[in-house]
Amino acid sequence: SVTGVTAMIAVWMLVRHYAGSRVADRSTVLLAFFPASFVFSMVYAEGMIITLAAASLLALLHRRWILAGVAAALATATAPVALALVVSCAWSAGRAIHKDRTWSALAAPLLAPVGFVAYQVWLWRHTGDIWAWRQTELGGWHSYLSAAYPVHIITSFFGSPIGSPATIRVVFVSIVVTVIFAVVALRGRLPIPLLLYGLSVAAVAILTRPIGPRPRFLMVAFPLIVAVATRLRGKSYIAVVSVSTVLLIGLTAYSVLSNAVFP
């Protein structure tokens with residue numbers, strides 16, 4: 001889709017800004033062949049979220065506070081997980097104020113949640129219920145934050161590694177991959193705004209029952225994937241991209257041909 005292309009371009013531009021073209025190339029290729037990237041061709045918002053998040057983060061690195069806030073606001077209007085950008089905007093603004101007394105930096109964190117709030121107000125006006133979105137989440141998907149959820153997934157998987165439902169296996173593997181990627185990111189040299197955004201998205205995904213950190217949500221936490229691509233070289237990079245491509249083919253077939261799991 002168009003937003004899949006814009007997502008790749010935005011991520012490439014972001015990574016090139018602080019790490020150069022070669023790292024940007026490696027990061028974009030790994031993201032493009034990530035196991036869930038086929039959702040770019042489906043009716044999902046991942047392409048738009050990644051595009052806007054990368055644009056907001058790049059604006060933060062350039063200290064373009066209003067642009068960062070507007071891009072973040074558009075992202076939070078697209079999906080609530082983009083509220084992770086508020087953390088990055090708040091940290092960047094706090095640092096700018098502490099270091100240079102740049103009070104205009106407050107524009108970024110103040111604007112960032114506006115999209116989400118505006119959407120809630122729109123729903124309120126059209127439904128007459130201020131909690132319409134939350135009730136839809138609970139009623140349609142039984143979705144809510146739960147610190148016990150990842151523990152449930154891990155214990156369920158180890159209780160029956162082969163016999164557990166497909167969703168349990170997919171979410172368990174995603175939790176393991178998310179933790180590994182987060183450790184790599186923490187040990188790497190990602191700019192702090194990117195690191196905070198990636199970790200925040202990953203944390204929300206892990207704690208959201210019953211969705212969990214499925215591959216497409218880990219893809220939204222793209223700075224963690226970028227961190228892995230940054231650390232890899234030569235044969236190790238080729239091996240990871242090859243494995244990711246095989247998993248992409250497998251997950252695509254599994255999701256399209258079966259109702260047992262969605263990405």
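Where is P210 found? P210 sits in the loop between strand 2 (208–209) and helix 12. The peptide bond leading from R209 to P210 is cis, and its omega is near 0 degrees. Helices (H or I, at least four residues) and strands (E, at least two) are DSSP runs, numbered from the N terminus.

The model is predicted: local features need pLDDT of at least 70, side-chain atom pairs count only at pLDDT 80 or more, and totals for chains, interfaces and linings use all residues. Residues are numbered from 1 along each chain as its sequence is written, and side-chain values use heavy atoms, with hydrogens and water left out.

The protein chain holds 14 helices and 2 strands. Its C-alpha atoms fill a box of roughly 60 × 55 × 35 Å, taken along the principal axes. The radius of gyration, taken over C-alpha atoms, is compared with a globule rule of 2.2 Å times the number of residues to the power 0.38. For 263 residues, a compact globule would have a value near 18 Å; the protein chain has 18 Å, which agrees.

Of the 263 residues, 47% count as buried. Buried means under 20% relative accessible area, exposed means over 50%, and partly exposed lies in between (1.4 Å probe, protein chains only). The accessible surface of the protein chain comes to about 13100 Å². Carbon and sulfur atoms account for 71% of that surface. Accessible areas come from the Shrake-Rupley method with a 1.4 Å probe; for residues, only the protein chains shown count as cover.

Contact means heavy atoms within 4.5 Å. Among contacts in the protein chain between residues at least 6 apart in sequence, 73% join residues at least 24 apart. The chain carries 19 positive and 5 negative side chains. The centres of the two sets lie 12 Å apart. Lys and Arg count as positive and Asp and Glu as negative; His and the chain ends are not counted. The place of a charge is NZ of Lys, CZ of Arg, CG of Asp or CD of Glu.

Helix 13 (residues 222–231) is mostly covered. Of its 10 residues, 8 are buried. These are F222, P223, L224, I225, V226, A227, V228 and A229. Their cover includes helix 1 (2–19), helix 2 (21–32) and helix 3 (46–61). Helix 10 (166–187), helix 11 (192–207) and helix 12 (215–220) are also included in that cover.

Aromatic contacts were examined next. A pair of aromatic rings is described by the distance of the centres and the angle of the planes. Rings of Phe, Tyr and Trp (its six-membered ring) pair if their centres lie within 6.5 Å; planes under 30 degrees apart count as stacked, over 60 as edge-to-face and the rest as tilted. A search of the whole structure finds 6 aromatic pairs. In one of them, the ring centres of F116 and W133 are 5.5 Å apart and the planes stand at 90 degrees, so the pair is edge-to-face. This pair links distant parts of the chain: F116 belongs to helix 7 (residues 114–127) and W133 to helix 8 (residues 132–141), 17 residues apart. F116 is buried, at 18% relative accessible area. W133 is partly exposed, at 23%.

The rings of F157 and F158 also have their centres 5.5 Å apart; their planes are at 80 degrees, so this pair is edge-to-face. F157 is buried, with a relative accessible area of 16%. F158 counts as exposed, at 57%. F157, F158 and F172 form one aromatic cluster.

Two arginines in loops have positive phi values. R63 has phi near 60 degrees, a positive value in a residue other than glycine. R63 lies in the loop between helix 3 and helix 4 (65–78) and is partly exposed, at 35% relative accessible area. R101 has phi near 55 degrees. R101 is placed in the loop between helix 5 (84–100) and helix 6 (107–111), and is exposed, at 56%.

M48 is part of helix 3. M48 is partly exposed, with a relative accessible area of 39%. Leaving aside neighbours within four places in sequence, M48 is in contact with T3 and T78. Y119 is found in helix 7 and is partly exposed, at 37%. Y119 and P80 are 39 residues apart in sequence and 10.0 Å apart in space, C-alpha to C-alpha.
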